[in-house]
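Let's learn to read a protein model by asking what its labels rest on. Have the picture open and follow along.

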Amino acid sequence: MNHVLGRNHPVDSALGAARRHLVYAAVFSGLLNLLYLAPTIFMLQVYDRVVPTRGTTTLYALIVILAVSLIVLSLLDLARMRLLLRASIRLEKRAAEPILHRILGATTASAGERSAAIRNLDTLRSVMTGPAILALFDAPWAPVYIIVCVLLHPALGAFALFASLLLAAIALASEHATKRGAAEAQMRAGIQTRIQDYAIQTAEVARALGMRQAVVQVQLRDRADLVGRQAQLAATSGGYLAVTKFLRQLFQSLALGLGAWLAVRQSISMGSIFAASLLVGRALAPVEQILGSWKNVLAARSAYAGLSDFLRRPDDTAPRTALPTPRGHLSLSGVSVQAPGSDRMLLRDIDFTATPGEIVALVGPSGAGKSTLLRVMAGALAPDKGEVRIDGASLTDWDREALGRAVGYMPQSPSLFPATVKTNISRFAAVHLGVGPELDAMVVDAAQRAGAHEVIQHFPQGYDTMLAIREAGGLSAGQRQLVSLARALFGRPSLLLLDEPNAHLDVNGEAMLMKTLAALRAQGTTIIVSTHRNSLLQVADRMLLLRDGAIEAVNARPPAANAGGGGVPGGIVSSLSPVAASGEARA
């Protein structure tokens, strides 16, 4: 696998790999700024040599030298932009893969934090080719122009230094005034984007329930708040930028006036009058450019800080020592999960063991913690306390990709990817195994055992049907559940975790599911299944009752259940034996 991460920050490593491009870009920036002196020198020579002596030959030579200098300047500018573009591409190649792995593998980050991470990387990449980095490269050469002003006359140098320091102070004041507002506006924009995307996804429900007007009003209120924040920030930064432009133009004109005054006093030549104006303008230009692109500078700094915070989280994608293919022995010890941003516990001190060839049914009221428990078992969610072990090894010690291929997991709300049905069922295995009859046979086998084969054959292109990029992938709830179940069964996993797998199945589908689970148990597969319907209890070896995030009772042999029932009957629940957290629940 190519996503091996080093000890360093992935972005730092990528920037280190692009250091050569950045160094050459800086060198070319120095040469560019030296060549920017060519028009000033040309003007000095024309006024001080050509005009007094009427030397047309000298003028022709100066024109040729100026043209060559400007051609070289243009070529250097083009080369600098290409170097920065290559540095941006190097950043993408070296940092995108490890960051994407971290985003998809993070078990302690929210969906919003994962989305922000990739946006931050894109922000850094775009800034590397924008005007902000060019201004930063040019800024260190402002003292060179001030020194040239000093060579013309100390008064011109002092004036250029004063003007540069004043504009730099304004730039720092602008940064101080907009720093907090920019961070808040960026955070609010990210939140607003996620809320708006979710509102679009649930538009059908809003229309059906008469909520459209209310949702629109909420969206407008949130957008107005965001626009207000952004307008206030733009007004503040725009004010500083306007002051900077005014002062730069004023100082450039005053430099011309100062040069004229010095020429009248015969302290400098006539050509130095215009040269002084050009040099002061060139010395002040980087400060104005930085202030004009300060928003991008702040965005880049915020993006780097956000990426650093995200990458400080535990790295679940780091390479692990290869372990044998798991047999399916599952154990949980003291597992607790706390609701994000709340003191409420979703799971409390769960101790539980399941052995190969055993089917355990999780039962309990809605909100009892069944789905959360299955997510923890699957490694989709990291517990706040306690640990999960498979075949005696902690979940954190397993290579997650290798372990994932031996685990079948079906969440309560199956998430299908915008790809073909075959690709979804095969878990994108064609990327590793390649396309061929062997993979096709594995896909069909999984679909047949899930009872999905006949349904899939009625899709427009069968297994090659492309799922849409919208809720449910364009399938009905029952179809989506069958495809998701087939995906969980792909590769004949040794540990199968199913969350409400029969929620949308008909009687025939449930019968097929029960038959498949019984066959998998005979093959030694460990199966944990949550359900609100009684039919699956007939094939379970044990029932585990969860209530308020804790194991309340366990029954080694569930009573016969009525297959047509709509939930766990009171008689079954009352027959469950209370257990202590450290007692029979571990057996």
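What follows is a set of questions and answers about this predicted model.

Q: What does the chain contain in the way of helices and strands?
A: The chain has 21 helices and 11 strands. It runs to 587 residues, and buried residues make up 43% of them.

Q: Why is the pair of aspartate 77 and arginine 80 called a salt bridge?
A: The cut-off is 4 Å between a side-chain nitrogen of Lys or Arg and a carboxyl oxygen of Asp or Glu. For aspartate 77 and arginine 80 the N to O distance is 3.2 Å, so the pair counts as a salt bridge. As background, side chains of opposite charge can pair when their charged atoms come close.

Q: Where do aspartate 77 and arginine 80 sit relative to each other in helix α4?
A: They are three residues apart in α4 (residues 56-105), which means about one helical turn separates them.

Q: What makes arginine 80 buried and aspartate 77 partly exposed?
A: Buried means under 20% relative accessible area, and exposed means over 50%. Arginine 80 has 3%, so it is buried. Aspartate 77 has 27%, which falls in between, so it gets the label partly exposed.

Q: How do you know that aspartate 440 and lysine 422 tie together parts that are apart in sequence?
A: Start with the bridge: their side chains meet at 3.3 Å, N to O. Aspartate 440 lies in helix α17 (residues 437-450) and lysine 422 in helix α15 (residues 421-425), so the pair links parts that are 18 residues apart in sequence. Aspartate 440 has 30% relative accessibility, so it counts as partly exposed.

Q: What makes glutamate 552 and arginine 547 another salt bridge?
A: Their N to O distance is 3.0 Å, and the cut-off is 4 Å, so the pair qualifies. Both partners count as partly exposed: glutamate 552 has 35% relative accessibility, and arginine 547 has 32%.

Q: How do you know that the span of α4 is close to what is expected?
A: Compare the two values: α4 has 50 residues and reaches 72 Å from its first C-alpha to its last, and 74 Å is expected at 1.5 Å a residue. There is still a kink of about 40° at alanine 95, shortly before proline 98.

Q: What makes threonine 56 partly exposed?
A: Threonine 56, which is in helix α4, has a relative accessible area of 45%.

Q: Why is glutamine 481 called buried?
A: Its relative accessibility is 2%, and the limit is under 20%, so glutamine 481 counts as buried. Glutamine 481 lies in helix α19 (residues 477-489). Leaving aside neighbours within four places in sequence, its contacts include Met410, Pro414, Glu500 and Leu505.

Q: Which residues touch the most other members of the largest nonpolar core?
A: Ile425, Ile456, Leu496, Leu498 and Leu517 do, out of 42 residues in that core. Among the elements that give two or more residues to this core are β3 (359-363), α15, α17 and β7 (495-499). The most comes from α19, with six residues. Apart from this core lies another, of 30 residues, among them Val337, Phe352, Leu362 and Ile551.

Q: What is isoleucine 425 in contact with, leaving aside its neighbours within four places in sequence?
A: Its partners include Val443, Ile456, Tyr463 and Phe490.

Q: What makes alanine 139 partly exposed, and where is its place?
A: Alanine 139 has a relative accessible area of 25%, between the limits of 20% and 50%, so it counts as partly exposed. Its place is in the loop between α6 (131-138) and α7 (142-152).

Q: How far apart are alanine 139 and glutamine 289 in sequence and in space?
A: They are 150 residues apart in sequence and 9.1 Å apart in space, C-alpha to C-alpha. Leaving aside neighbours within four places in sequence, alanine 139 is in contact with Pro286 and Ile290.

Definitions and conventions:
Residues numbered from 1 in each chain as written. Predicted model: local features only at pLDDT ≥ 70, side-chain atom pairs only at ≥ 80, totals over all residues. Heavy atoms only, no water. Helix = DSSP H or I, 4+ residues; strand = E, 2+ residues; numbered from the N terminus. Buried < 20%, exposed > 50% of the residue type's maximum accessible area, 1.4 Å probe, protein only. Contact = heavy atoms within 4.5 Å. Expected span 1.5 Å × (residues − 1). Bend = angle between axes of the 7 residues up to and from the residue. Core = buried A, V, L, I, M, F, W, Y, C linked by side-chain atoms within 4.5 Å.
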